[in-house]
Amino acid sequence: MSADLGTACNPLQVVIVGSGPSGFYAAEALFKAPCSVQVDMLEALPVPFGLVRYGVAPDHPKLKQPMQVFDGIARAPGFQFFGNVPAGRDLTVEDLQRTHHAILFAYGAGDDRRLGIDGEDLPGSHSAREFVGWYNGHPDDRDRRFDLSCEVAVVVGQGNVAVDVARILARPVDELRGTDIAEHALDALAASRVREIHIVGRRGPAQAKFTSKELRELGELTGCTVEVSAGDLRLGPACREELADKRNYVAARNLEIFQSWTGPRPGRAGKRIVFHFLKMPVSLGGRERLESIALERGVLCGAPFAQTVAGGGRVESLPCGLLFRSIGYRGRALDGLPFDARQGVLPHEGGRVGDRAGIYAAGWIKRGPSGIIGTNRADAVATVASLMSDLSRMDPASKPGAAGLQAALAHHGTRIVGYKDWLRLDAIEIERGARAGKPREKMTRVGEMMAALQ
Ligand code: NAP
């Protein structure tokens, strides 16, 4: 690298925007490069770890283990964390180009896809992302209200986020008490009257996107039965062909799980989770607030693995008081960067954004909201490989890196939250959690975090 860049610009200064899994995995890949690299990481919130802290369900603590890896990366010499610094507010893309040789955007997907149907914004209709952020104590979602006084909730979409939402609604609240779920959510869930949760898919059981482990877990919840009508599991020739493909083993296993949930189910006195397939949301109804969802029976058409759904004409109404759209997250545009508004991602080639050397993307803002946390490691490695192969095209002048960021932020009066500050917040959260028998009690307001650092 030094040979390509010249000695004047050694070390290579890289700024990563976003401190979730893809940001940290990109930092890890950069530190493995055969050259001297300084990595600065910007995070809008005062606290790091993005979707691992705020996306992973509280009753899945093992999925939070990557935080330990990220902590090791953050302590590496050459790494600096800049929390409480939203890119685009105090620092523009141009500012970052002045301070660093390369910028790697890994700020995830902070928005939601829309159903685009009447009634979507009625009170009682929410995005799953808002609910997930709420029970995980995200400051942006902390003050949201979900009316848990109704008995029937609907989750539209059949991916793992839908499973998380249904499970948190169905799980006995006492089983959540020992998790890091936010206190306000625990209190609200303790008073919840939701008894029936309908998980609605527009396509069939062979196209549902759940992973089998997460799906099976729903059937193991205490005091809850899971139901699927056998008629919903009837398969056409294209679906049978999809399921016969060995690479599609997750869908085949999922079908077996669904089949085990047909027929009379014991214990109907408790909560129920009901799966629906081939039902397309047509509209949400209600005068003042959500009262029902209209679903049109769908028909699959097209070749195996490319089947889409068309309306079959028959519409039924499902009464409900609460609805979560769990149909995928969406990235947001950032001033100064090209944006693919249809996909909600930064357009890229091999992780290179636009035709300028020096701007890159990784994670959900690059490829869209798919994959598990580990998927972001290979994705970030691929982007960093592109970055490294561009070294000879980058500005060879030395760049100020962290010192440049500090100077620019001082000009705006931004209180930077460094990694040592985060470790103080972390210790406070763990101590507060210990008093309540939880792994941590998260601070859920930015003001509270900043006050604790005074
Ligand atoms: P997802 O897996 O992509 O599922 C989205 C669902 O929404 C699909 O069933 C999709 O159906 C449906 N959908 C999209 N547009 C729709 C519309 N207009 N009307 C009705 N349905 C619509 O997304 P996700 O659940 O948000 O999960 C995102 C990623 O995070 C996934 O890779 C997931 O595995 C991962 N995740 C993992 C875990 C875990 O490992 N425990 C937990 C949470 C999330 P079609 O197929 O018909 O488009």
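Mentor: Helices (H or I, at least four residues) and strands (E, at least two) are DSSP runs, numbered from the N terminus. Residues are numbered from 1 along each chain as its sequence is written, and side-chain values use heavy atoms, with hydrogens and water left out. This is a predicted model, where local features need pLDDT of at least 70, side-chain atom pairs count only at pLDDT 80 or more, and totals for chains, interfaces and linings use all residues.

Trainee: Got it. Where is E441 found?
Mentor: E441 is in the loop between helix 15 (419-435) and helix 16 (446-452).

Trainee: And is E441 buried or exposed?
Mentor: E441 is buried, because its relative accessible area is 6%. Buried means under 20% relative accessible area, exposed means over 50%, and partly exposed is in between (1.4 Å probe, protein chains only).

Trainee: Which side chain does E441 join in a polar contact?
Mentor: That of K438, in a polar contact of 2.9 Å. A polar contact is a pair of N or O atoms within 3.5 Å; within protein, one must be able to donate a hydrogen and the other to accept it, and residues adjacent in sequence count only if both atoms are side-chain atoms. A polar atom of the E441 side chain also lies 3.2 Å from the backbone nitrogen of E183.

Trainee: Let's switch to the ligand. Which residues come nearest?
Mentor: Q158, N160, R202, R203 and G371, out of the 21 residues around the ligand. A residue counts as near if one of its heavy atoms lies within 4 Å of the molecule.

Trainee: What classes of residue make up that shell?
Mentor: The shell has eight nonpolar, eight polar and five charged residues. Here Ala, Val, Leu, Ile, Met, Phe, Trp, Tyr, Cys and Pro count as nonpolar, Asp, Glu, Lys and Arg as charged, and the others, Gly among them, as polar.

Trainee: Which helix gives the largest share of the shell?
Mentor: Helix 7 (residues 160-170), with three residues.

Trainee: On to strands. Which residues of strand 14 are buried?
Mentor: In strand 14 (residues 322-325), L322 and F324 are buried on one side and L323 and R325 on the other, leaving both faces covered. In a regular strand the side chains alternate between the two faces of the sheet.

Trainee: How many bridges join strand 6 to strand 14?
Mentor: Three, and strand 6 (residues 125-127) runs parallel to strand 14. S127 stands opposite R325 there. Strand 7 (residues 152-156) is also parallel to strand 14, with four bridges, and V155 has F324 as its bridge partner. Two strands pair if DSSP finds at least two bridges between them.

Trainee: And strand 11, how does it run relative to strand 12?
Mentor: Antiparallel, with six bridges. M280 has E296 in strand 12 as its bridge partner. The hairpin of these two strands has six residues between them, and G286 takes a positive phi near 150 degrees in it.

Trainee: Which residues other than glycine have a positive phi?
Mentor: F49, with phi near 95 degrees, and F305, with phi near 70 degrees, are examples. Most residues other than glycine have a negative phi, and most peptide bonds are trans. F49 lies in the loop between strand 2 (37-42) and helix 3 (50-54), and F49 counts as buried because its relative accessibility is 3%. F305 is in the loop between strand 12 (292-301) and strand 13 (308-319).
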